[in-house]
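Please keep the sequence and the structure in view while reading.

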Amino acid sequence: MKQKTIKKRVEVTGIGLHSGEPIRMILEPEKENSGVYFIHANSGSKLILKPQNITDTKMATVLGSKPNALSTVEHFLSAVYAYGIDNLKVTVFGNELPIMDGSAMPFCMLFDEAQIQEQDALKPLIVIKKEIKVEEGDKFAILKPSKIPSFDFTIEFDHPVIGREHLKFIFNKQNYLEHIAKARTFGFLRDLQYLQSINLALGASLDNAVGLDDTSVLNPEGLRYKDEFVRHKILDAMGDMMISGYNIVGEYIAYASSHGLNNKLLRKLFEIEDAFEIVNAKEIQREKELVKVFA
């Protein structure tokens, strides 16, 4: 298993979910061992993937400190995780990433356009060695040892369309494209007016989110999956785990977890030295199976 980047420069422009403004984003190949990082074009600041660099998680995962922070990085990073990209320069003209259609699929299509290329250096992976858990009330998130990467998520909403949803997702790229990538972010109509009064969700629409009133889905086309809500939570969790800078060999389990709890989980992981190991894929038993997972 080797490190990966993209073959050619590509760019995209979309609306910012919170600002409502056009956001331009440029992706460029990077050399081996550079990592995935963002450039805040307005200031030239370099923002590196690291749990301690997440400064806000209330409405989205925010990387870096104001005025040079970038909001809503999680959907894009979910696609980065799924494609196993190790090295990438991402320049963003604005203070958030474009929301696109509210899922990760437009970013997957962007990577397909850019094409993925294998590099010479071996791919580093985080291998979970010891179970760790973070909790907030009845909410929790866990990372535990597992030979095959997976995401197990349960949500519960007092809403007739959602209720309780559970999904265990065995990770590989093809499974992601079929079962996770198209799941959109969602929001409640009752919250929208308040959010817009504090200058958030100014770009929100039924073109980039699943909208819900008190009893039903507002989007004329309906849901893309019958359990689209929990699938999107897995999409978010994958993006939040990519803040570690690595793909993870282990099992993620969560009940009603949030961006904040996911970030606490990563911070705790890095605080406990014997909880994980960063190794090259070649050093892991069953490497051939992992090659298929990250192919």
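Two strands are said to pair if DSSP finds at least two bridges between them, and the strands themselves (E, at least two residues), like the helices (H or I, at least four), are DSSP runs numbered from the N terminus. The model is predicted, so that local features need pLDDT of at least 70 and side-chain atom pairs count only at pLDDT 80 or more, whereas totals for chains, interfaces and linings use all residues. Residues are numbered from 1 along each chain as its sequence is written, and side-chain values use heavy atoms, with hydrogens and water left out.

**Strand pairs**

| Strands | Sense | Bridges |
|---|---|---|
| S4 (residues 36–40) and S5 | antiparallel | 4 bridges |
| S10 (residues 124–128) and S17 | parallel | 3 bridges |
| S13 (residues 150–157) and S14 | antiparallel | 8 bridges |

In the hairpin of S4 and S5, 4 residues lie between the strands, and Gly44 takes a positive phi near 80°. His40 has Ser45 of S5 as its bridge partner. In a regular strand the side chains alternate between the two faces of the sheet. Strand S5 (residues 45–48) has Ser45 and Leu47 on its covered face, while Lys46 and Ile48 belong to the uncovered one.

**The sheet with S10**

S17, S10 and S19, in that order, form an open sheet of 3 strands with mixed pairing. Strand S17 (247–249) and strand S19 (276–280) stand at its edges, each with a single partner strand, so one side of each is left without a neighbour in the sheet. From one strand to the next the twist averages 35°, where angles run from 0 to 180 degrees between N-to-C directions and axes are lines fitted to C-alpha atoms, for helices over the stretch in contact. Val127 has Val249 of S17 as its bridge partner. Helix H6 packs on this sheet and touches S10, S17 and S19, its direction making about 90° with that of S10; contact here means heavy atoms within 4.5 Å.

**The sheet with S13**

A further open sheet has 5 strands in the order S11-S12-S18-S13-S14, and its pairing is mixed. Strand S11 (132–136) and strand S14 (163–170) are the edge strands, each pairing on one side only. Asp152 stands opposite Lys168 in S14. Helix H5 lies across strand S12 (139–144), S13, S14 and strand S18 (251–255), and runs at about 130° to S13.

**The two helices**

Two packed helices are described by the angle between their axes and the distance between the axes. Helix H5 (residues 228–241) and helix H6 (residues 259–271) pack at an angle of about 35°, and their axes are 10 Å apart. The contact is made by Asp236, Ala237, Asp240 and Met241 of H5, together with His259, Asn262, Leu265 and Leu266 of H6.

Of the 14 residues of H5, 13 are buried, a term that stands for under 20% relative accessible area, with exposed being over 50% and partly exposed in between (1.4 Å probe, protein chains only). In H6, the buried residues include His259, Asn262, Leu265 and Leu266.

How far apart are the end C-alpha atoms of H5? They are 20 Å apart, which agrees with the 20 Å that its 14 residues should span at 1.5 Å a residue, the expected span being 1.5 Å times one less than the number of residues. For H6, the 13 residues should span 18 Å, and the end C-alpha atoms are 19 Å apart, which agrees.
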